[in-house]
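Subject: Two-chain model for you to look at

Hi,

Here is the structure I promised to pass on. Have a look at it first, and my notes follow below.

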Amino acid sequence: MTTSRHPVRGFFAGLFLGVGAALLLFVFGVLPFTLVMLGIITVIGIVVGIVLAFVAPVRSSDPVT
Amino acid sequence: MNRTLRHLALASVAVLAVLAPASAASAADASGCTLTVASTSADGKPLDTASAPGDGGTEAHPFQVDLGGKVAYVGKTDAVITDGTYTVTALGVTVKTDTVTNADKKQTAKGEVDLSTVQSLKPLLSGGVKIPVQGTLTGTGGSCTVSGYITGVGSATSSPVFYAGLAAAAIGLGLALWTLFGTKATVVASSAAGGAS
């Protein structure tokens, strides 16, 4: 049995989520808009996305002959 | 850790390393000079004031500006600075730089800036966005640095940053769900398994 995981997809999921979360935090004045802060939140998002890809539960099993 | 993961981690560190030098001060501050500013709205009403060093322009209470209005300023340097260069940065990025001769050897400067001519930050300066800014004057006789935070007027939902953030978060959420539900186990049934011996 082989498990098909998607770290690259998780990377981009985290990238977009991180950038989106950062911009929303900036626009509501929760954090100051700095490139450093944008970078930190984006990197955190990327790490979370990659980790998600590796710990995601296996959803289905398709037999292949 | 496999090769893909290692490359992604290295890419993340590289991005952070590139962005790290763009750090900004955490509070309004001035060295080598003092600066007092007062902003007015597009319809000419007083909006906000700040002094560096002093009150206003901090991260907690950023100096509010209306990009349709004006900012009046009064600045004084501790020493006579001639033949210098001034640089204005926002978000850690240089937005304006020019030279100053100061042939009259003045230590004070007073004037007004019409912000309608400074539109490069317009998409960012709305809602509650707090942007770090820094001004530096360096020349013969000394130097002067002023830093603080500015914010715009209007609601957060009127800002393009809000919609950009919402769109990015929605795409990220979609990709995250795809990642989550796309993880599959595949049973490879060998043709020899269970076959005739």
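How far does helix 2 (residues 35-55) of chain A reach from its first C-alpha to its last? The span is 30 Å for 21 residues, close to the 30 Å expected at 1.5 Å a residue. Please keep in mind that this is a predicted model.

**Confidence**

The model scores ipTM 0.87 and pTM 0.71. Chain A averages a pLDDT of 88, and 91% of its residues score at least 70.

Two stretches of chain B have a pLDDT below 50. Residues 12-26 of chain B are one of them, and this stretch has 30 contacts in the model beyond near neighbours in sequence. Residues 192-197 of chain B are also below 50, but there the number of such contacts is zero.

**Chain A**

Chain A holds two helices and two strands, in the order β-α-α-β from the N terminus. Its C-alpha trace spans about 55 × 15 × 15 Å along the principal axes. The radius of gyration of chain A is 16 Å, whereas a compact globule of 65 residues would have one near 11 Å. Of the contacts in chain A with a separation of 6 or more, 77% are between residues 24 or more positions apart.

Of the 65 residues in chain A, 48% count as buried. Helix 2 of chain A has several of these, including Met37(A), Leu38(A), Ile41(A), Thr42(A), Gly45(A) and Gly49(A). Some of these residues meet Ala22(A): leaving aside residues up to four places away in sequence, Ala22(A) touches Met37(A), Leu38(A), Ile41(A) and Thr42(A).

**Strands of chain B**

Seven of its 10 residues are buried, leaving the strand mostly covered. Strand 9 of chain B pairs with strand 10 in the antiparallel sense over 10 bridges, and Gly139(B) has Gly142(B) as its bridge partner. These two strands form a hairpin with one residue between them, and Gly141(B) in the turn has a positive phi of about 110°.

Strand 10 of chain B has other pairings as well. Strand 1 (residues 29-31) of chain B runs antiparallel to strand 10 and is joined to it by three bridges, with Ser31(B) opposite Thr145(B). Strand 4 (residues 63-64) of chain B, in contrast, runs parallel to strand 10, joined by two bridges; here Gln64(B) is the bridge partner of Thr151(B).

Elsewhere in chain B, strand 5 (residues 70-77) pairs with strand 2 (residues 33-40) in the antiparallel sense over eight bridges, and Cys33(B) stands opposite Thr77(B). Strand 5 of chain B is also joined to strand 8 (residues 108-114) by seven bridges, again antiparallel, with Gly75(B) opposite Ala109(B).

**A loop residue**

Finally, where does Ser158(B) lie? This residue is in the loop between strand 10 and helix 2 of chain B. Ser158(B) counts as partly exposed because 13 other C-beta atoms lie within 10 Å, and a buried residue would need 20 or more. Not counting residues up to four places away in sequence, Ser158(B) touches Ser126(B) and Gly127(B). Ser126(B) is 32 residues from Ser158(B) along the chain, yet their C-alpha atoms are separated by 7.2 Å.

Methods:
Residues numbered from 1 in each chain as written. Chains lettered and ligands numbered in written order. Predicted model: local features only at pLDDT ≥ 70, side-chain atom pairs only at ≥ 80, totals over all residues. pLDDT = per-residue confidence, 0-100. Pairing = 2+ DSSP bridges. Helix = DSSP H or I, 4+ residues; strand = E, 2+ residues; numbered from the N terminus. Rg over C-alpha atoms; globule rule 2.2 N^0.38 Å. Buried ≥ 20, exposed ≤ 12 C-beta atoms within 10 Å, placed from the backbone. Contact = placed C-beta atoms within 7 Å. Expected span 1.5 Å × (residues − 1).
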